[in-house]
Amino acid sequence: MIYLDSAATSFHKPQEVAEAVYDAILHMGNSGRSGHEISLTSSRVIFGTRKKLAVLFGMDDPARVVFTANSTQSLNIAISGLFGKGDHVITTAMEHNSVLRPLYRKEAEGMELTIIPCDEKGTVRYDLLEQAVKPNTKGIVCTHGSNLTGNLVDIKRIGTFSREKGILFVVDASQTAGVFPIHMEEMGIDVLCFTGHKSLLGPQGTGGMCLRKGLEIPSFCVGGSGVQSY
Ligand SMILES: Cc1ncc(COP(=O)(O)O)c(C=O)c1O
């Protein structure tokens, strides 16, 4: 089969991916809940994956790599945890529904939203960023690569701008993780949301987010982890 829908999800995953999933089902236990070997093996594999992702995405603390079901879930957790009534957030006209819909929901609850348009070639109007910033601007949420046009956004430029202004920068790397270099530190990214099932070639139902040191997002879900839910 000739498959041309990889921007939606990758198909023909590498044999190694299928084998790793099979191996996990056969040999791994419940990570973090027990001290026996099959549980520890699973914890080690998970932490090893965190370490690899931290290197891939240019951040130095693997403990701040969080696994989720997909990018949609990561973006919802980031947007609903970081922004609220009275905050102002900037985004772009390039965004996927998994950015726009959580932002619209927040807007209905009293958050202010500004959408920076694109020019006729689908390039974000970076020149409009400065005038979009208000005293209550808390964050910029922006895709790295558009699923509609394939255009890349100059993340480093927006990240540098955000740092200068003291604004949080949340990046949707769904289309670029595994394809284009991403370095959170050098690009000024505070939260990087990624999916596992596109160009990272993982199974469906995988994704995550990387958080910059010092940034906390309130937990949206509690329970299931023993004595404390943090
Ligand atoms: C730019 C962009 N953001 C977010 C998503 C949502 O990704 P997921 O399927 O991991 O929820 C997609 C998926 O197509 C996407 O292309």
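Tutor: A residue is called buried when its relative accessible area is under 20%, exposed when that area is over 50%, and partly exposed in between. The model is predicted, and the terms are applied to it as follows.

Leu-56 has a relative accessible area of 42%, so this residue counts as partly exposed. Leu-56 belongs to helix α2. When neighbours within four places in sequence are left aside, the residues in contact with Leu-56 are Ile-182 and Leu-200. Val-66 lies ten residues from Leu-56 along the chain, and their C-alpha atoms are separated by 14 Å.

Helix α2 also contains Ser-42. With a relative accessibility of 5%, Ser-42 falls under the 20% limit and therefore counts as buried. Not counting residues up to four places away in sequence, Ser-42 touches Met-28, Gly-29, Asn-30 and Ser-31. Between Ser-42 and Gly-207 there are 18 Å, C-alpha to C-alpha, for a distance of 165 residues in sequence.

The aromatic rings come next. A pair of aromatic rings is described by the distance of the centres and the angle of the planes. The centres must lie within 6.5 Å; planes under 30 degrees apart count as stacked, over 60 as edge-to-face, and the rest as tilted. Under this rule there are two aromatic pairs. In one of them, Tyr-3 and Phe-11 have ring centres 5.2 Å apart and planes at 45°, which is why the pair is classed as tilted. Tyr-3 is partly exposed because its relative accessibility is 24%, and Phe-11 is likewise partly exposed, at 43%.

The other pair joins Phe-57 and Phe-194; this pair is tilted, with 5.2 Å from centre to centre and 45° between the planes. Phe-57 sits in the loop between α2 (37-56) and β1 (65-68), while Phe-194 sits in strand β6 (residues 191-195), so the pair ties together parts that are 137 residues apart in sequence. Phe-57 has a relative accessible area of 1% and is therefore buried. Phe-194 is buried as well, with a value of 3%.

Helix packing is a further topic. Two packed helices are described by the angle between their axes and the distance between the axes. The axes of helix α3 (residues 71-82) and helix α4 (residues 97-108) cross at roughly 30° and come within 9 Å. Angles under 35 degrees count as roughly parallel, so α3 is roughly parallel to α4. The crossing of α3 and α4 is right-handed. Helix α3 contributes Thr-72, Leu-75, Asn-76, Ile-79 and Ser-80 to the contact, and helix α4 contributes Ser-98, Val-99, Pro-102, Leu-103, Arg-105 and Lys-106. Sorted by class, the contact of α3 with α4 comprises five nonpolar, four polar and two charged residues.

The backbone remains. Most residues other than glycine have a negative phi. His-12, which is not a glycine, has a positive phi near 60°; His-12 lies in the segment before α1 (15-27). Leu-201, also a residue other than glycine, has a positive phi near 65°. Leu-201 is located in the loop between β6 and β7 (207-211). Its relative accessible area is 33%, so Leu-201 counts as partly exposed.

Notes:
Residues are numbered from 1 along each chain as its sequence is written. This is a predicted model: local features need pLDDT of at least 70, side-chain atom pairs count only at pLDDT 80 or more; totals for chains, interfaces and linings use all residues. Side-chain values use heavy atoms; hydrogens and water are left out. Rings of Phe, Tyr and Trp (its six-membered ring) pair if their centres lie within 6.5 Å; planes under 30 degrees apart count as stacked, over 60 as edge-to-face and the rest as tilted. Buried means under 20% relative accessible area, exposed over 50%, partly exposed in between (1.4 Å probe, protein chains only). Helices (H or I, at least four residues) and strands (E, at least two) are DSSP runs, numbered from the N terminus. Axes are lines fitted to C-alpha atoms, for helices over the stretch in contact, and angles run from 0 to 180 degrees between N-to-C directions. Angles under 35 degrees count as roughly parallel, over 145 as roughly antiparallel, 65 to 115 as roughly perpendicular and the rest as oblique. A crossing is left-handed if the near helix is turned anticlockwise from the far one by less than a right angle, and right-handed if clockwise. Contact means heavy atoms within 4.5 Å. Ala, Val, Leu, Ile, Met, Phe, Trp, Tyr, Cys and Pro count as nonpolar, Asp, Glu, Lys and Arg as charged, and the others, Gly among them, as polar.
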